[in-house]
Amino acid sequence: MHALLASILVASFISALTVGGKAFFKTVATKKCDEIVLTVGKVMQVFQKK
């Protein structure tokens, strides 16, 4: 019984972190979209074949 309760609590905690993290980083991505695109472009330029 204790193992079942522990399993449910761990799954609930992981689910809460996933949903909360998605909401937090969605806000960050919305506010800093220009910086993110610029940074990704710079990184891609390093790996581009010449």
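Trainee: How far apart should the ends of helix H2 be?
Mentor: The 15 residues of helix H2 (residues 33–47) should span 21 Å at 1.5 Å a residue, and because the end C-alpha atoms are 22 Å apart, the two values agree. The expected span is 1.5 Å times one less than the number of residues, and helices (H or I, at least four residues) and strands (E, at least two) are DSSP runs numbered from the N terminus.

Trainee: Where do these coordinates and numbers come from?
Mentor: This is a predicted model, in which local features need pLDDT of at least 70 and side-chain atom pairs count only at pLDDT 80 or more, while totals for chains, interfaces and linings use all residues. Residues are numbered from 1 along each chain as its sequence is written, and side-chain values use heavy atoms, with hydrogens and water left out.

Trainee: How many helices and strands does the chain have?
Mentor: The protein chain has two helices and zero strands. Its C-alpha atoms fill a box of roughly 60 × 25 × 5 Å along the principal axes.

Trainee: And what is the radius of gyration?
Mentor: The protein chain has 19 Å, whereas a compact globule of 50 residues would have a value near 10 Å; the radius is taken over C-alpha atoms, and the globule rule is 2.2 Å times the number of residues to the power 0.38.

Trainee: What share of the residues is buried?
Mentor: Buried residues make up 0% of the 50 residues in the chain, where buried means under 20% relative accessible area, exposed over 50%, and partly exposed in between (1.4 Å probe, protein chains only).

Trainee: Is methionine 44 buried or exposed?
Mentor: Methionine 44 lies in helix H2 and is exposed, with a relative accessible area of 57%. Its C-alpha atom is separated by 41 Å from that of serine 7, 37 residues apart along the chain.

Trainee: Which helix holds valine 28?
Mentor: Valine 28 has its place in helix H1, and it counts as partly exposed because its relative accessibility is 27%. The C-alpha atoms of valine 28 and serine 7, 21 residues apart along the chain, are separated by 32 Å.

Trainee: What about isoleucine 14?
Mentor: Isoleucine 14 lies in helix H1 (residues 2–31), and with a relative accessible area of 49% this residue is partly exposed.
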